[in-house]
Amino acid sequence: MTDVQRVDLLDPAEVARLGGIEIVAQGVVEGFLAGIHRSPFRGFSVEFTEHRAYQPGDEPRYLDWKMLARSDRLFVKQFEEETNLRAMILVDASRSMAWRGAPARLTKRAYGDRLAAALALILLRQRDATGLITFDEAVREVVPARVKSGQWARLVRGLVRTPDGRGTAAQAALVRLTALLARRGLVVLVSDLLFDRDLALTALRYLRHRGHQVIVVHLMDPAEAELSGPPEVRFRDPESAASVVVRPRELARVYGETVRREIAAWRTACRRHGIAYHHVLTDMPFGMALRLLA
Amino acid sequence: MTFLHPLALVGLVAAAIPALLHLLERRVPPEAEFPPLRYLSEAERQSARRLKLRHLLLLILRTLLIVLIVLAAARPLVPARTGGATVHAPTALALILDNSASSGVVVDGRPVLDRLRAVARGSLARTAAGDRVWLILADGVARGGVRERLLATVDSAAVSPRRLDLSAAVQQAARLVDAEPLPAREVHVVSDLQRTALGAGRADVPRGVRVLALAPPPQPPANRGIGTARVTDGAVTVGVVGTPGAAAAAVTVRVRGREVGRALAAPGAAVSIALPPLAPGWWVGEATLDPDELRADDRRVFAWRVAPPARVTAPQDAGPFVAAALAVLAEGGKVGIAGAGGAGGARGPDVSIGERPDGRGGARTNVVIPPVDAALVGQVNRALAAGGGPWRFGGPGTPGPIAASSVAGIDGIQVTRRYRLEGGEDSTVVARVNGEPWLVRDPGEGRVLLLGSRLDTAWTALPAAPAFVPFVDALVNRLARGEAPVAEAEGAPRVEFRTRGTDTVGATVYGIDARESELAAAPPALVRRLLGAEVLEDPAFAAARFAGTGRADGSWLLLALALVVAVVELGVATLTR
């Protein structure tokens, strides 16, 4: 019962009605952090630099027990290299992301924006330098990774400023990313992956080769996973304007198999190259999606 | 293949509906955005061949389904084994129900007509809406109409006094059905198949017309019937007909309800029963037999007229023998002598006997004998011609015996001298000598009888014969005055009189045809030969009718097939998605 009242576990569309990206992301993050017992993302260094107030989600092992004994307040120890984690979140803003299968659901773009904002907030709260790249067929918005205050607001503005694009060319954004991430870091790609898989994998593999931790969040509307519709319909690709006339009932089974095969192909290819792959439907609560990423 | 409702085949146009729907549906599909089109295209590429096959299969199945349903609605008729057919191809059927007088015979306590009616009902009951049906009864009239009306006619058909000529009826029926443009033509003969009902010649049955005849009962009962009853010379001659060899039966004659005579007679024999002297006028009598299995021929009525004695005048040139005979007849009250007292009274003569027509005496009929003087023959002939008659005296004829069919007792009596009679029609000859007319009757207004010889022993031996007085009686009372015409006709036993003004001038006696009394059935081989019919017992007849075109309704088979196709279609539509 407690879980149901948590914002991060509510239906994403309902949560989206609470307000803008900031409010939603903060609510989701609060709920998400309240439900776990350690920080989801950790740095690599062990050199102590300072204390900071304990926040829900911080690992108990980093609590400074002596400070607790002296001041009766909770502090966690910060380490030198923790802020060395540089995370870049890549959000696909192509035309296909602006689609939803039902009016009651969020578009993939809206879902991805909120998920990205929540993820960024978590990272920044851990004082990880976090940046953002939005792209469609070209890179649209770039917010370099920083940890200073106001970074999250910049990231959110970057998301909001990015309009719905047209085509998709992820490899351009990934190439651009390699220039922005000089040191090893975390790369999170939020996309519906409706682009050339081989080209995108080449770029991701390159990132991985440079030592980055890569996470692919494959967003998909439930209506994209299972084909349905009128007896006969002309489906049009919003990006390429190509169209095809199909009878959904006839093709549903094979289509479902094709989608599952595509997901499996992405998963296999990513695993082969040490890339984390997560398939997320847009009706999945944000908390659960974040849990996948943790 | 034929169909009971061929108009329903128009519905085959509906077979194009699946293809049309397929085409029309493809024209304007709704449009929608769908980003993962690459997945869709890939799925379609993988399924293209399967879907094409599925579409083709569904199109074929749906078209087939409609075709099967439409064909079933048209009620196709498929060949069926004999007896198993529930329906038949449209058939022209002529049903001959022989309800002639002989069908009233009682066999095993039941009239034969009951059995015939039941079989006829069976034939009519099997007819369908597409059939053309006629019913022919003993009256020979072909009745067309709907089944219910004909069934009612069969139910109400009683034993008819008419005789049915089966050969003529079958020929008529065959022509009727042959003229109908229907796939099948049948004639059902439901009759007792009397031998006497078949004509001598073969019935002309066109090819393609099937004639079925119901086999008669195996052993008809022995029968006796009154074949004829005619009054001549104060007696009624009753001819008994029926099964040859049957025992004699008592014939009873009644006049106005009163029995006047009785005699025994077997089939093929005739008895003559004298009638009592009756007052002048028309009389009706009846001859009856004791009742047997066929009642219709056990009674026959007859009628005759008792004429008043003719008033005769005979000039001296008629000869002494004529005068003597007339005197004898006058004494017996059978003639009256005109101009004398007694029976003739003061009225003019009815008959004049002499050497020339009596132009002055006003006699209604003249019996003209040749003049003694041969030189007067021409004068007589001119007088005859003036009277308008065609007959005249010719040259002398050769001697010979008299041959007469309608005057009793004078056959064989020698004629030694005579004139040939010439000029008239053969039908008016009453008696002949050596094949030439000897006694003729001119039927004109001025009625004249011409004798080729004088009634004198020098001309003929007739005056010396016992038959002379009866001959003169017949001459003046019957031949000269004309016999009252009594016609005979087929019908229920009764007498109808013909009148002219207040006078009754004739009568028609109705009775059944004497051939109806002979109940023996024709052998099947003869029926086959004369009628071209298959002779079948009841069960075989029931199975064989319409069997030539026996068809079963194939719609159930088609509906079952349509059901199978529908199930297959459902399976293809659901399982191959």
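Modeller: Two strands pair if DSSP finds at least two bridges between them, where strands (E, at least two residues) and helices (H or I, at least four residues) are DSSP runs numbered from the N terminus. The model is a predicted one, in which local features need pLDDT of at least 70 and side-chain atom pairs count only at pLDDT 80 or more, while totals for chains, interfaces and linings use all residues. Residues are numbered from 1 along each chain as its sequence is written, and chains are lettered from A and ligands numbered from 1 in the order in which they are written.

With that in place, β8(A) is joined by three bridges to strand β2 (residues 31–33) of chain B, and the two run parallel; in this pairing A:Arg234 stands opposite B:Glu31 of β2(B). Looking at the whole meeting place, 28 residues of chain A are in contact with 21 residues of chain B, contact meaning that the C-beta atoms of two residues, placed from the backbone, lie within 7 Å. On the side of chain A that touches chain B, β8 (233–236), β9 (243–246) and α10 (248–272) each supply at least two residues, and the largest share, ten residues, comes from α10(A). Sorted by class, this side of chain A has 15 nonpolar, three polar and ten charged residues, where Ala, Val, Leu, Ile, Met, Phe, Trp, Tyr, Cys and Pro count as nonpolar, Asp, Glu, Lys and Arg as charged, and the others, Gly among them, as polar.
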